[in-house]
Amino acid sequence: MWTIEDSVDLYGIEGWGNDYFAINGRGNLAISPRKEVGGSVDVMEIVEGINRSEAIQFPILFRFPQILEDRLEEINGAFLSSIEELEYPGGYRLVFPMKVNQRREVVGYIVEGGRRLKVGMEVGTKAELLAALSLGLDPEALIICNGYKDKDYLNLALSFSEANNIIIVIDIFEEIFDVLRCSKELSATPRLGLRTKLFSRGSGRWEESGGELSKFGLSTAEILESIRILSENGMIDQLKMLHFHIGSQITDIRKIKIAMNEAARIYSKVRKVADVEYFNVGGGLSVDYDGSQTPTSASANYTLQEYSNDVVYTLQRTCDEEQVPCPTIVSESGRAIAAYHSFLAFKVIGKKNSKDGLDVLADDDDPVQIEDMRQALENMDLENYAEFYHDALHYREELFDAFNLGNIGLEERSKGDLLFWRVCQKAATFADADENDSEEFESLKKLLSKKYIGNFSLFQSVPDMWGVQQLFPTMPLHRLGEEPTVRGTIADITCDSDGEIRRFAGEKSDFLALHNLRDDEDYYLGTFLLGAYQDTLGDFHNLLGCVNEVHIIVKDGGWRISKVVEGDDCEKLLRFFNYEPEEGLHEMVERSCVGEEARARVTETIRKALREYSYFKDRYLREESPASGGDGPRS
Ligand SMILES: *Cc1c(COP(=O)(O)O)cnc(C)c1O
């Protein structure tokens with residue numbers, strides 16, 4: 001008997017779910033935005049509610065503002081507990097790097113959820129700075145300015161720096177001259193930081209962001225020269241922060257220890273000549289996307305608490321040795337704050353690769369290979385399946401040759417094909433039972449896997465899966481008390497062969513265990529941990545636009561939709577790419593339709609299509625009952 005626990009193991013949910021995700025007694029996915037306190041919500045209850053209201057179509061991105069708040073508190077809490085445990089005499093400040101997710105709603109939740117903790121913002125461009133300045137942050141919350149800074153950027157930062165905790169970090173040595181000039185022009189007293197280029201690098205996919213070849217950061221010589229220049233200009237007291245960032249998703253704790261060691265030494269030396277207040281350890285805190293707890297690129301071999309312990313411990317030990325005061329620690333853990341708070345829910349709208357279903361009738365005129373194939377299928381067992389499979393491969397070759405020579409027709413070729421796939425399927429079942437994981441049978445199983453078509457765009461919603469082959473956990477949202485009997489991958493609805501989810505978290509990584517599709521019930525899948533980087537990296541491939549968003553609050557034993565953000569309709573997409581749809585299409589109608597009535601009808605069709613969500617709505621022939629006018633939402 002298949003149990004819910006089997007599904008928990010199969011999909012690895014306890015590994016990557018970080019206690020936010022679980023499977024409930026109904027066999028549905030459940031989300032607890034505040035973990036063990038504050039209750040949980042059955043995702044299918046939300047899905048059913050939305051379908052009943054017929055107001056919002058799938059795919060839908062669900063956001064849980066309370067998860068963001070929980071992340072802030074958990075990260076802050078981990079540092080405070082390390083500080084208490086180790087009796088570190090300095091404080092801690094958490095900062096959200098805006099490039100991880102600039103969406104106004106998301107940043108708004110972080111500002112509100114983090115107000116008590118004085119959570120700050122890190123920005124890397126002029127536009128991000130403008131956005132951060134518009135948030136109504138507490139004057140004590142840090143705004144850390146990184147990235148390439150032109151005159152407008154510096155002017156903006158300097159104009160507000162007196163009354164706010166804005167720190168301009170010199171990322172590239174030459175910037176120091178611009179900062180000096182700009183400050184003089186505005187008679188501003190800037191608060192400055194220096195970004196150091198460490199010898200140490202990160203690990204994993206973003207290893208190149210650190211080390212000597214990194215894009216940003218000052219070498220030791222440049223740091224010394226900067227200190228000399230600041231002193232010469234009477235501005236050494238303005239140096240408030242030392243910053244480093246060795247890359248995102250650092251998968252190996254040893255890399256963090258090594259970098260911390262080096263950076264803490266640099267801090268100590270600089271602290272002897274300047275009254276540096278903040279030590280900024282940048283980002284890099286990992287998210288365990290595949291749940292394996294290993295130093296592989298989708299995972300990490302350490303916990304949040306281990307991370308904060310290492311940071312605090314290394315800094316304290318170095319400061320003690322060097323006899324300098326301990327600074328306030330700042331961290332910019334963007335991925336770890338944002339990743340968990342959102343997931344994409346989409347419907348499966350069909351399947352490909354379905355090499356079964358059609359009947360194969362025997363015929364006296366069948367070529368011998370077809371008869372042999374039929375025999376193989378009938379007589380196959382656990383002992384001989386490999387041999388029969390090899391025979392079948394051979395028969396198929398012969399049939400192809402015969403076809404190419406014109407000796408058999410399409411009928412026979414198709415019969416041979418269907419029988420061949422049946423032999424393959426049976427052989428794969430025996431190989432499974434036999435626990436045969438030889439390369440040959442593994443690739444056969446892969447060949448036999450189904451492709452479910454998901455109504456979403458990988459390029460819009462999970463861009464890093466396409467761009468940097470990052471893994472994001474994907475699994476069914478329901479039927480989890482039922483054994484999944486289909487193995488498959490998930491293709492999206494773009495016309496791009498790269499638009500396919502091919503790697504999965506959990507026990508099996510190159511296919512997903514899926515349930516058989518039913519005629520009378522939609523099948524929903526979710527892709528999780530999408531809150532970091534995916535929202536603004538997503539693109540408009542095939543003109544599939546931003547998805548509908550629903551924000552959910554779980555409270556007092558229930559849940560409610562706190563906000564709906566409508567995705568793009570076709571018209572918005574066309575206008576975004578500089579089309580003027582009304583005009584162009586009007587001309588097309590004039591040219592193609594004869595008569596007033598036809599024009600009016602086609603014009604209405606166009607109007608309707610322009611107002612529609614860009615994703616697949618409903619299959620044409622799906623049982624439209626004349627009374628209700630269809631069964632899909634918003635029909
Ligand atoms: C990108 C970036 C971060 C965020 O890194 P995460 O790995 O997402 O925590 C932090 N600081 C700086 C300077 C960055 O460029």
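User: How many residues of domain 1 are in contact with domain 2?
Analyst: First, a heads-up: this is a predicted model, where local features need pLDDT of at least 70, side-chain atom pairs count only at pLDDT 80 or more, and totals for chains, interfaces and linings use all residues. Residues are numbered from 1 along each chain as its sequence is written, and side-chain values use heavy atoms, with hydrogens and water left out. Contact means heavy atoms within 4.5 Å. On that rule, 17 residues of domain 2 are touched, and the number from domain 1 is 19.

User: Which stretches of the chain make up domain 1?
Analyst: The bounds come from an automatic or database domain assignment. Domain 2 is given as 88-332, while domain 1 comes in pieces: 4-64 + 342-353 + 449-556.

User: What area do domain 1 and domain 2 bury between them?
Analyst: The size of an interface is often given as the accessible area lost when the parts come together. Here that buried area uses a 1.4 Å probe and is summed over both parts. Carbon and sulfur atoms hold 52% of it, and the total is about 1600 Å².

User: Which three residues supply 31% of the area that domain 1 buries against domain 2?
Analyst: No other three residues of domain 1 supply more of that area. They are Val-468, Tyr-533 and Thr-536.

User: Which residue forms a salt bridge with Arg-103?
Analyst: A salt bridge here is a side-chain nitrogen of Lys or Arg within 4 Å of a carboxyl oxygen of Asp or Glu. The count between domain 1 and domain 2 is one. For Arg-103, the closest N and O atoms are 3.2 Å apart, and the partner is Glu-549.

User: Which residue does a cis peptide bond join to Phe-58?
Analyst: Most residues other than glycine have a negative phi, and most peptide bonds are trans. In this cis bond, omega is about 5 degrees, and the residue joined to Phe-58 is Pro-59.

User: What is the phi of Gln-249?
Analyst: Gln-249 isn't a glycine, yet its phi is positive. At 1% relative accessibility it counts as buried (under 20% relative accessible area; exposed is over 50%, partly exposed in between; 1.4 Å probe, protein chains only). Its phi is about 50 degrees.

User: Is Leu-529 buried or exposed?
Analyst: Leu-529 also has a positive phi, near 65 degrees, in a residue other than glycine. Its relative accessibility is 0%, so Leu-529 counts as buried.

How values were computed
Buried area = accessible area lost by both parts, 1.4 Å probe.
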